[in-house]
Amino acid sequence: MEDRYKNTNLYQGGREANQVSDDYRYQDGNYEGYAPNDGYYRGGDEPAQEEDAQSDVTEGHDEDDEVYEGEYQGIPHPDDIKEKQKKRAPAVADEYRDRADLMAERMEDEEQLAHQYENIIEECGHGRFQWTLFFVLGLALMADGVEVFVVGFVLPSAEKDMCLSSSNKGMLGLIVYLGMMAGAVVLGGLADKLGRKKCLTISLAINAAFAFLSSFVQGYGFFLFCRLISGLGIGGTLPIVFAYFSEFLSREKRGEHLSWLCMFWMIGGIFASAMAWSIIPHYGWGFSMGTQYHFHSWRVFVLVCSLPCVASLVALKFMPESPRFLLEIGKHDEAWMILKQVHDTNMRAKGEPERVFTVSYIKTPKQVDEFIEIQSSTGTWYQRWLVRITTTFKQVWDNVLYCLTAQYRMNTLMLAVVWFTMALSYYGLIVWFPDMIRYLQEEAYESRVKIFDEEEVSHFTFNFTLENQIHRNGEYRNDKFIGMKFKEVRFEDSLFEECYFEDVTSSETFFENCTIISTVFYNTDLYEHKFINCRLINSTFLKEKEGCHLDFEEDNDFLIYLVSFLGSLSVLPGNIISALLMDKIGRIKMIGGSMLISAVCCFFLFFGNSESAMIGWQCLFCGASIAAWNALDVITVELYPTDKRATAFGILNGLCKFGAILGNSIFASFVGITKVVPILLASSALVGGGLLALRLPETREQVLM
């Protein structure tokens with residue numbers, strides 16, 4: 001190994017990266033600097049061995065030359081390998097070498113491979129293949145965006161079918177983030193051991209299956225479980241998608257096109273908002289089977305929201321594994337064939353099918369992992385599987401610990417703080433905005449309340465809706481309340497004598513300090529908890545309604561859908577700007593600038609005292625913060641090597657989801673109490689995270705290690 005590769009930093013940029021890159025110029029299908037004296041596995045061999053090793057099926061064979069430039073030479077013949085080994089000086093077997101030496105040798109190999117792979121991707125070009133993969137992975141990212149919004153949209157309607165309490169609704173919103181947090185760490189880590197495509201397929205399959213199932217289950221417990229596992233599946237999507245796509249992009253294209261990919265998360269939010277707006281208000285859509293099974297419109301919405309995930313899962317079947325990952329685990333031939341496929345697909349699309357893929361072999365890093373091959377006769381089948389699973393998760397755990405070693409510790413800790421502060425502020429505020437708008441609506445609604453004092457009504461039939469009223473010190477004798485609805489109605493210190501209630505539904509309706517004599521309640525949802533400090537004398541409750549049967553059209557809060565739709569749409573300008581400038585001004589300035597501008601937007605929330613003002617500031621905040629999210633995704637991909645990339649991204653994204661859970665809980669608790677704490681907390685977190693981000697290393701000039 002040449003001396004110039006020893007003691008070099010993993011991430012070289014600028015002049016050093018260009019100097020090393022120049023050492024790998026193409027010459028007769030090979031790279032200069034790759035002398036065959038290192039003994040590593042390679043797909044080709046020396047010119048003297050080409051006659052035995054050449055592949056006749058590779059296009060570009062020239063009758064005048066034994067091997068045309070760029071012809072794939074396959075696996076070397078064993079006799080040639082033995083002869084070459086005899087000519088070399090005797091080397092110490094790997095099992096007798098120090099592990100630190102093997103790791104140092106692997107690091108040198110990794111650096112050489114990184115620069116060679118960059119040249120190969122540049123030769124393959126950017127074209128039809130990358131754009132096809134872009135849309136396939138975009139659908140997967142869209143499914144992740146949809147998942148964040150689904151529960152929030154269905155809660156107003158789902159609580160009718162499941163009669164959810166406030167704590168139940170809070171847990172349903174929380175459970176998805178818990179699943180996504182676990183899925184990001186576990187599936188992200190597995191993607192570095194099992195492969196990007198395989199783990200992404202598993203992730204999407206889990207999400208599709210349990211999202212589909214959750215639309216049919218009736219009980220709250222089963223629905224909660226399905227959404228948890230669905231979140232677990234989709235949680236692995238984000239780290240895998242960015243690691244996967246980045247390994248097909250050259251250095252000049254990486255920042256821009258990863259930022260374009262982020263737009264699909266916005267499209268997912270728009271899709272969920274539009275579908276909720278067009279489906280959920282039609283509460284009659286669906287069907288019922290008896291009195292126990294109901295399939296209402298919100299379940300149709302949950303079903304429709306699984307479509308992007310299913311579409312991505314089907315399309316992913318036709319995409320190859322990441323060749324960079326295959327090279328990392330020593331599968332040289334498979335990686336070469338995929339890179340040739342990328343090259344040929346792009347060249348045919350450009351109208352240059354005669355262009356030949358000029359790469360004959362690719363550097364393969366030294367393999368130092370200890371693989372355990374279990375014979376079929378060893379133990380029982382579940383013992384063999386247990387050993388394999390245990391070994392795999394041990395390797396994943398080793399990767400997690402590796403991200404905290406001296407080489408990556410500072411970058412990991414700084415990124416963790418930036419991810420956490422960004423998530424705490426962003427997810428906390430996007431929950432706080434709708435809650436504040438709803439609170440402002442409730443204040444306006446309560447200001448219009450009608451108060452009736454000391455009214456006396458007898459022998460009258462109520463068969464219409466009573467809404468937003470307070471009745472005090474009234475007397476109701478021989479009255480009938482039939483087929484009617486109460487919404488936000490309170491009866492205080494009133495008398496009901498020989499009255500009859502039939503087929504009554506109610507929302508936020510209570511009887512307080514009332515006296516109820518010889519009254520019959522038939523088929524109503526006026527349960528015991530709605531009578532506060534009341535005296536019930538000779539009164540009868542017959543055939544009480546089961547479950548929740550509210551069907552007030554107003555409960556389908558159109559404003560929630562509108563706010564989410566506008567919030568998702570408002571990130572479009574920020575997405576476009578960040579994509580166009582990502583490679584020009586750099587990742588670090590993008591993160592710092594975006595977070596500081598978002599902090600300023602937070603400060604001006606003090607002046608938002610109306611619904612329209614809150615919606616406007618939400619749109620401005622979302623548009624300003626999206627650039628930081630995009631740059632965080634890009635720099636996280638670029639700071640870590642291939643065999644640790646998805647693991648590191650998964651850890652940081654899992655921490656992001658923890659920040660989201662914390663932000664949701666903290667910010668929601670201050671709604672209606674004060675605006676000062678949420679605004680100051682979000683602004684401070686954004687300023688601190690933005691300033692810390694400026695200390696991260698810039699990566700736009702680095703090759704992908």
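**Close-up views of a predicted model**

**View 1. A sheet of five strands lined up in parallel.** An open sheet of 5 strands runs in the order β6-β9-β12-β16-β19, and its pairing is parallel. Here strands are DSSP runs of E at least two residues long, helices are runs of H or I at least four long, and both are numbered from the N terminus. Two strands pair if DSSP finds at least two bridges between them. At the edges sit β6 (456-458) and β19 (535-537), each pairing on one side only. From one strand to the next, the twist averages 5°. Zoom in on strand β16 (residues 515-517) and you'll find 3 bridges joining it to β19, with the two running parallel. One spot to look for is I516, which stands opposite L536 in β19. As background, strands of a sheet pair through backbone hydrogen bonds, either parallel or antiparallel.

A quick note on the model: it is predicted, so local features need pLDDT of at least 70 and side-chain atom pairs count only at pLDDT 80 or more, while totals for chains, interfaces and linings use all residues. Residues are numbered from 1 along each chain as its sequence is written, and side-chain values use heavy atoms, with hydrogens and water left out.

**View 2. Another open sheet, from β7 to β20.** This open sheet of 5 strands has the order β7-β10-β13-β17-β20, again with parallel pairing. Its edge strands are β7 (461-462) and β20 (540-542), and each of them pairs on one side only. Strand β10 (residues 480-482) runs parallel to β7, and 2 bridges join them. Look for T461 here: its bridge partner in β10 is K480.

View 3. How much of strand β8 (residues 466-472) is buried? The strand is mostly covered, with 5 of its 7 residues buried. Buried means under 20% relative accessible area, exposed means over 50%, and partly exposed is in between (1.4 Å probe, protein chains only). Strand β5 (residues 450-453) runs parallel to β8, and 4 bridges join the two. In that pairing, D453 stands opposite R472 of β8. β8 also pairs with strand β11 (residues 485-492), in the parallel sense and over 6 bridges. There, I470 has R490 of β11 as its bridge partner.

**View 4. Helices α8 and α9.** The axes of helix α8 (residues 220-235) and helix α9 (residues 237-246) come within 6 Å and cross at roughly 15°. Axes are lines fitted to C-alpha atoms, for helices over the stretch in contact, and angles run from 0 to 180 degrees between N-to-C directions. That angle makes α8 roughly parallel to α9. The cut-offs are under 35 degrees for roughly parallel, over 145 for roughly antiparallel, 65 to 115 for roughly perpendicular, and oblique for the rest. Who makes the contact (heavy atoms within 4.5 Å)? On the α8 side they are G233, I234 and G235, and on the α9 side T237, L238 and P239. Sorted by class, this contact has 3 nonpolar, 3 polar and no charged residues. Ala, Val, Leu, Ile, Met, Phe, Trp, Tyr, Cys and Pro count as nonpolar, Asp, Glu, Lys and Arg as charged, and the others, Gly among them, as polar.

**View 5. The largest nonpolar core.** A nonpolar core is a set of buried Ala, Val, Leu, Ile, Met, Phe, Trp, Tyr and Cys residues joined through side-chain atoms within 4.5 Å. Of the 145 residues in the largest one, F301, Y427 and W629 touch the most other members. Helix α5 (residues 128-162) gives the most to this core, with 17 residues. Leaving out residues up to four places away in sequence, Y427 touches V148, Y177, W265, W629, C656, K657, A660 and N664. There's also a second, separate core of 20 residues, including F462, L466, F501 and F521.

View 6. S214 belongs to helix α7 (residues 196-214), and with a relative accessible area of 0% it is buried. Apart from residues up to four places away in sequence, S214 touches F223, C226, R227, R299 and V302. S214 and R299 are 85 residues apart in sequence, yet 8.2 Å apart in space, C-alpha to C-alpha. S683 lies in helix α22 (residues 676-693), and S683 is buried too, with a relative accessible area of 12%. Again not counting residues up to four places away in sequence, S683 touches A599, C602 and F603.

How values were computed. Contact = heavy atoms within 4.5 Å.
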